[in-house]
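Subject: Handover of a structure and its findings

Dear colleague,

Please find below the structure that I am handing over to you.

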Amino acid sequence: MVEKIGVIGGGSWGTALAILLSKKGYEVELWIRNKAQCDSINISKENVKYLPGVIIPSNVRIINDLERVVKNKDILVLATPSHGVRNILINSKNYIKSGQIIVNVAKGIENESLMRISQVVNEIVPKSKYAILSGPSHAEEVARDMPTTVVAASREKDIANYVQDIFMAPKFRVYTNPDVIGVELGGSLKNVIALGAGISDGLGYGDNTKAALMTRGIIEMARLGEKMGANYETFAGLSGIGDLIVTCTSMHSRNRRAGILIGEGKTLEEAISSVGMVVEGIKTAKSAYELADKYNVIMPIAEEIYEVLYKGKDVKNSVVNLMLRDKKHEMEDIAKILNNEW
């Protein structure tokens, strides 16, 4: 049997995954929200706005009909921005059959509810099966067959293994992990730290500063994750430190690029406009700040980034605040993680 796969979301990541899956011989339909863009891609076979220079194979059907992309599919890939997932599910829930596998590739946490995507899916389509695909994976590189490694997480081992088999390819290696919470939080929170890394670059600071932000950032991610029920080991894996490294260091990263602009003195609105695509870390920064307060977790980097984005705090003052915090022993944090004592 040839699996039928619907990819919901025609941004760079949805397009890249549709290309990947089509090359494996699956029947793939890619849903584009904007009809004009949909028509344009059908003619040119290129997603000029989000993935220029990459030809989309002719066996990827580009459609504008949400019902069609959802109905009678073995797998649905959720590739819309995280803040749009709820509406997509509400609009398509009548077409989603019981047991249908939903693979989420969006990275974010709802602002209003502070829910992870798996929780949103379970609320709206509880009879579906859920997995998340995450890790250091820029769409621009996946679409060009550059070797990439990710993780598929599901609470059900057979679902994780199935998703692994579906996506595994010669240049796309997939591991499995049962820790849905950890993988979701890792993929979401790293965007906040990447904004900070970009701000550091925009201020003209060097590699020392960025290394410190990344190292202490992963500690903050693990602190919150463990309090929310994640396995601390997950943050040492692909969806944790792996995704953090690539997002903090690459110019493919929208979050880093936005941070650079903010560090250079641009307003938040100017930075978003210049990037031209969704910058997930901006909304996630607000959720991370509120989750840290809810779970009583110390997250000084995330707090300072929130203050810069939402309270207009001067970025240079934020750096001073971070550097002059109360003295600590480094191994205090690391030992707690190793001993699961958060």
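Predicted model: local features only at pLDDT ≥ 70, side-chain atom pairs only at ≥ 80, totals over all residues.

Residues are numbered from 1 along each chain as its sequence is written, and side-chain values use heavy atoms, with hydrogens and water left out.

The largest pocket

Lining residues have an atom within 4 Å of a point. Grid points are joined across faces, edges and corners, and a volume is the space filled by probe spheres set on the points.

The largest pocket has a volume of about 910 Å³. Its lining comprises 40 residues, and those closest to the pocket centre are Ser 12, Trp 13, Ala 79, Pro 81 and Arg 254. Helices H1 (12–23), H6 (139–142), H8 (180–202), H10 (238–249) and H11 (254–263) each contribute at least two lining residues. Helices (H or I, at least four residues) and strands (E, at least two) are DSSP runs, numbered from the N terminus. By class, the pocket lining holds 13 nonpolar, 19 polar and eight charged residues; Ala, Val, Leu, Ile, Met, Phe, Trp, Tyr, Cys and Pro count as nonpolar, Asp, Glu, Lys and Arg as charged, and the others, Gly among them, as polar.

The cavities

There are two cavities of 30 Å³ or more. The largest cavity holds about 40 Å³ of space, and the residues lining it include Asn 104, Lys 107, Ile 132 and Glu 184. Strand S6 (129–134) and helix H8 each supply at least two residues of this lining, and the largest share, four residues, comes from H8. The lining of the largest cavity divides into four nonpolar, five polar and two charged residues.

The second largest cavity has a volume of about 30 Å³. Among the residues that line it are Leu 189, Val 192, Met 221 and Ala 288. Helices H8 and H9 (207–227) are the elements that give two or more residues to this lining. Its classes are seven nonpolar, one polar and one charged.

Salt bridges

The model has 15 salt bridges, each being a side-chain nitrogen of Lys or Arg within 4 Å of a carboxyl oxygen of Asp or Glu. One of them joins Asp 243 and Lys 107 at 2.7 Å, N to O. This pair links distant parts of the chain, with Asp 243 in helix H10 and Lys 107 in the loop between strand S5 (101–104) and helix H5 (117–124), 136 residues apart. Asp 243 counts as buried at 1% relative accessibility, and Lys 107 counts as buried at 13%. Buried means under 20% relative accessible area, exposed over 50%, and partly exposed in between (1.4 Å probe, protein chains only).

Another salt bridge, between Asp 201 and Lys 210, spans 2.9 Å, N to O; Lys 210 is buried, at 11% relative accessible area. A further one joins Lys 286 and Glu 290 at 2.8 Å, N to O. These two residues lie four apart in helix H13, so they are separated by about one helical turn. Lys 286 is partly exposed at 25%, as is Glu 290 at 27%.

Two individual residues

Glu 140 is placed in helix H6. This residue is buried yet has no salt bridge, and the nearest side chain of opposite charge, Arg 257, is 5.6 Å away. Here Lys and Arg count as positive and Asp and Glu as negative; His and the chain ends are not counted. Apart from its neighbours within four places in sequence, Glu 140 is in contact (heavy atoms within 4.5 Å) with Leu 51 and His 252.

Gly 281 is found in helix H13 (residues 280–294) and is buried, with a relative accessible area of 0%. Leaving aside neighbours within four places in sequence, Gly 281 is in contact with Asn 191, Val 192, Leu 195 and Asn 255.

With kind regards

Definitions and conventions: 1 Å grid on protein atoms, 1.4 Å probe; cavity = no way out; pocket = protein on both sides within 12 Å on 5 of 7 lines; lining within 4 Å.
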